[in-house]
Amino acid sequence: MIEIRNIKKSFEGRPILKDVSTLFEKGKTNLIIGQSGSGKTVLLKSIVRLLEVDEGEILFDGRDIRKLNFSDLKQLRQEMGMVFQGGALFDSLDVADNVRFPMDMFTNMTTGEKNKHVDFCLDRVNIKGAHHLFPSEISGGMRKRVAIARAIALNPKYLFCDEPNSGLDPVTSILIDNLIKEITVEFDITTLINTHDMNSVMEIGDNILFISNGEKGWEGNNTQVLFTRNKKLNEFVFASPLSKRIRDLKQREDDE
Amino acid sequence: MRIFNEIGSYFLLMYRVFSRPEKSRIYWRQLLLEIEKLGINSLAIVAIISVFMGGIITLQLTYNMSNPLMPSYLIGLGNRDTLILEFSCTVLSLMMAGKVGSNIASEIGSMRVTEQIDSLELMGVNSASFLILPKIVAVVLMSPILFILSVFCGIIGGLIAGPLSGVVTVAQYMGGIRTMFVPFYVTFSILKTLVFGFLIATVPAFQGFNVQGGALEVGKASTRSVVNTSILILFFDLILTQLLFK
């Protein structure tokens, strides 16, 4: 479980996050949604302390990440996995070595054990026969799946995904969404996903936090999001005519 | 004010770079890769440039110093000392700042903009130490080797160009090479190459590590790193020459 309390962050005097508080539950996919530039990525990077917030508390099962010293922070970070927007795979390492990297750095596993675990992680994300390919030789969707495999290599307690569907086709997006959801439940981890993909919101949004202009605009789940009266959220969720149609159809269905 | 900020940030980064490595075995593997990439892969270009420069210095010395009062061994002596004192350490370091420095800045800069450095940090890896320390050790280790290779190739270059063009005989040239040799010159130049090697690795690494933005900024950082490293090499050359020859 991750709790954030009264987070404030500004860049050169320009406020980006304005007093944001919420709770991200364990075993659930917690989505942070909002328009581009609303502060989602800043919030996610602040939670993992890649950015330092100006004020507030960020509690990882009671441990305030802001108050941890260097070695404790290192320890906590070994409990985290993160899938970056572009995958952030190491260009100089092949797929298997990318997944093996955290094990090399932080475990005393034997080579055989590592190879077995690499196979397990890659199997888990449905990647077969690509162990020796380099990131530049695989597709965007595959890169995201390898990033997920690397993120789960050390059995993390917390998983962070920054726009995992960006640049992917709808079919691959659904695969990635389902994969993240399955992993969250299977490993009972606290997952935070930063997205503006409405399909993800509807499919895997156990908890949804809507950020608007750096403020908490709304909180709820994927059922509530369809019928909210929050004006800004409605503008965001039903920005496309297709979403409006789906909502109207669903409303009609429910009325009947 | 900005320059003080930069200097402060540079030393803070160095503090992180020289903290204890997470797993020395992984660092050792990285070090061998960097030695190959930054050092071994530079051997050929260093050798080629040095052979030509040795030849050119020999010819220039001959044409500009031809005087009946000047002993002919001065050609070999002049070539040797020019190579040892300045060319093979300073000029070669300037060239290495271009080749190796831009490579380091663009590699680390690209890793920054593609979030690979964030990814390392998030895993709990000291990214500064993991990425930069092996490069520093590799360049500092390889610099004296490249220096010695360069001096050797430069002397060979003179040996080829001088007698071939008929301006000096092999015996006169080799006599000059062996005349009035001061071993301290070699020690002095190796000390300089160690300092220059440190600059060649750390200044571009600092520029690359602090890139913000995209591909355009990576290119700018790469250019800035070559300019800054070159200026610093010349600045330290001046200081070290003054200090060590005093």
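1. What distance separates the centres of domain 1 of chain A and domain 2 of chain A, taken over C-alpha atoms? The two centres are 24 Å apart. Domain 1 of chain A covers 1-79 + 157-222 and domain 2 covers 92-155, with bounds from an automatic or database domain assignment.

2. This is a predicted model, in which local features need pLDDT of at least 70 and side-chain atom pairs count only at pLDDT 80 or more, while totals for chains, interfaces and linings use all residues. Residues are numbered from 1 along each chain as its sequence is written, and chains are lettered from A and ligands numbered from 1 in the order in which they are written.

3. Across the domain boundary, eleven residues of domain 1 of chain A are in contact with ten of domain 2 of chain A (C-beta atoms, placed from the backbone, within 7 Å). Helix H6 (residues 170-187) of chain A gives the most to the domain 1 side, with six residues; helices are DSSP runs of H or I, at least four residues, numbered from the N terminus.

4. The largest nonpolar core has 117 residues (buried Ala, Val, Leu, Ile, Met, Phe, Trp, Tyr and Cys joined through C-beta atoms within 7 Å; buried means 20 or more other C-beta atoms within 10 Å). Helix H6 (residues 127-165) of chain B gives the most to this core, with 14 residues. Domains 1 and 2 of chain A both give residues to the core, so it lies between them.

5. A:Phe160 is among the residues with the most contacts inside the core. Leaving aside neighbours within four places in sequence, its contacts include A:Leu44, A:Met80 and A:Leu192.

Methods. A residue is buried if 20 or more other C-beta atoms lie within 10 Å of its own, exposed if 12 or fewer, and partly exposed in between; C-beta atoms are placed from the backbone. Helices (H or I, at least four residues) and strands (E, at least two) are DSSP runs, numbered from the N terminus. Two residues are in contact if their C-beta atoms, placed from the backbone, lie within 7 Å.
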